[in-house]
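Here's a quick briefing to read with the model open.

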Amino acid sequence: AYAFGQAIFGKIFDWVGTRMGFALSIGIWSIATALHAFGTGVKSLSLFRAILGVAEAGNWPGAAKGNAEWFPTKERALAQGIFNSGAAIGGLVSIPIIGFLAIHYSWQAIFVMVGLVGLLWLIPWMVLVKAPPKKHPWISDEEREYILSGQKVAVSVGSDQAAVDSYKPSTGQILSRKESWGVIIASAAIDPIWWLFVFWIPTYLAEVYSMDVKGIAIYGWVPYVGAMIGAFFGGLLSQNRIGAGWSVDKTRKFVITLGCLTMLPALLAMANPGGPTTAVLLMAVILFGFQTAIGSVQVLPADLFGSDSVGTLAGFSGMCAKFAAAGLIAFVPWLTAGGNYTPAFVIGAALAVTAMAAVWILCPKIEPLKSKK
């Protein structure tokens, strides 16, 4: 449901805009979360989980579209990095918070509380985000000009800006471009690396190092610190390079390549890490490299297409990424039979190389696309 929701909400965001898209996504997501408290069995809980998954998926294509609307090109990777750091921070704080709530409240009450938090979030969202920058009444003319003019710096010298601005491709036209498939394949290759570790860190520590819940709590948060630092580092590096005069094409490829090359040796070293401290530090390096790269991958739709089409491409790439992640997660128990995780880490290294290759080969020049006509 989460995978299909990426494509569904990608189109919805392009149809209704960022403001109403997030209101629908997080409104439905929050209500579905609260409804878990009323589940009476597998069927009802599965239904509520499916609704939650579809609606929650809007978070990522919505972020890509909001980023494209509100930030000049040179700031997009940093904005995406700050946004992505939320996932890492969530990993750091959610376990102790939910653990504390579980001691004092029933599981039904926890779902209702989390759902209410999402609905409360809608109030400042609807108040603050009244319109896109072109029409927002609260920003100055100078700020509006800074945002909108900065979104055109990616157009190469000699390109027809009017042709770029007027290009509003259909879904079929978006998927006919090799650059779109570069984004989709890169997303589908790199995203499973995140889910491999997020999903399997506790099981890995329990199986390989015989840790109990207390031991996992002591070690399991460390990789998320690397992820949080990587999210900021990748964004700041991109902004720095574009500020130094690098093209968007050179900057995105450099940061994505650096992130993937950072992951590569650490993934291979996970085959025999030694003690648990070394293992979680290697995981932190891997998630640092992942977050360094993924922010630039996620802003590629905005670099290639106008804001009217960003959600669609981000949604399709997100859908393929989640299906790939689900496939790898389902495959891991078979790969790791007997507690040997080496095959999973080797596959992770191969996926990092695939993500790099997809961007370099299928996106020969990262810049706004014009109609083939």
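Cys-320 is partly exposed, because its relative accessibility is 25% (buried means under 20% relative accessible area, exposed over 50%, partly exposed in between, with a 1.4 Å probe and protein chains only). This is a predicted model, so local features need pLDDT of at least 70 and side-chain atom pairs count only at pLDDT 80 or more, while totals for chains, interfaces and linings use all residues. Residues are numbered from 1 along each chain as its sequence is written, and side-chain values use heavy atoms, with hydrogens and water left out.

**Cysteines**

- Searching the whole structure turns up zero disulfides (a disulfide being a pair of cysteine sulfur atoms within 2.5 Å).
- For Cys-320, the closest cysteine sulfur sits in Cys-363, 14 Å away, and that's too far for a bond.
- Cys-363 is buried, with a relative accessible area of 0%.
- The closest cysteine sulfur to that of Cys-363 belongs to Cys-260, and at 13 Å it's too far for a bond as well.

**Salt bridges**

- The count comes to six salt bridges, each a side-chain nitrogen of Lys or Arg within 4 Å of a carboxyl oxygen of Asp or Glu.
- Lys-65 pairs with Asp-14, with the closest N and O atoms 3.0 Å apart. This one links distant parts of the chain, 51 residues apart: Lys-65 is in helix α3 (residues 59–70) and Asp-14 in helix α1 (residues 2–35). Helices here (H or I, at least four residues) are DSSP runs, numbered from the N terminus.
- Both Lys-65 and Asp-14 are buried.
- Arg-76 and Asp-303 meet at 3.6 Å, N to O. Since Arg-76 lies in helix α4 (residues 73–104) and Asp-303 in helix α14 (residues 300–304), the pair ties together parts that are 227 residues apart in sequence.
- Arg-76 and Asp-303 are both buried.
- Asp-249 and Lys-253 form a salt bridge at 3.1 Å, N to O. They're four residues apart in helix α12 (residues 248–269), so about one helical turn separates them.
- Asp-249 is buried, and so is Lys-253. Elsewhere, salt bridges that share partners join Arg-76, Arg-252 and Asp-303 into one network.

**A helix pair**

- Helix α9 (residues 178–209) packs with helix α16 (residues 342–362) at about 160°, their axes 8 Å apart. That makes α9 roughly antiparallel to α16 (angles over 145 degrees). Axes are lines fitted to C-alpha atoms over the stretch in contact, and angles run from 0 to 180 degrees between N-to-C directions.

Definitions and conventions: Helix = DSSP H or I, 4+ residues; strand = E, 2+ residues; numbered from the N terminus. Parallel < 35°, antiparallel > 145°, perpendicular 65-115°, else oblique.
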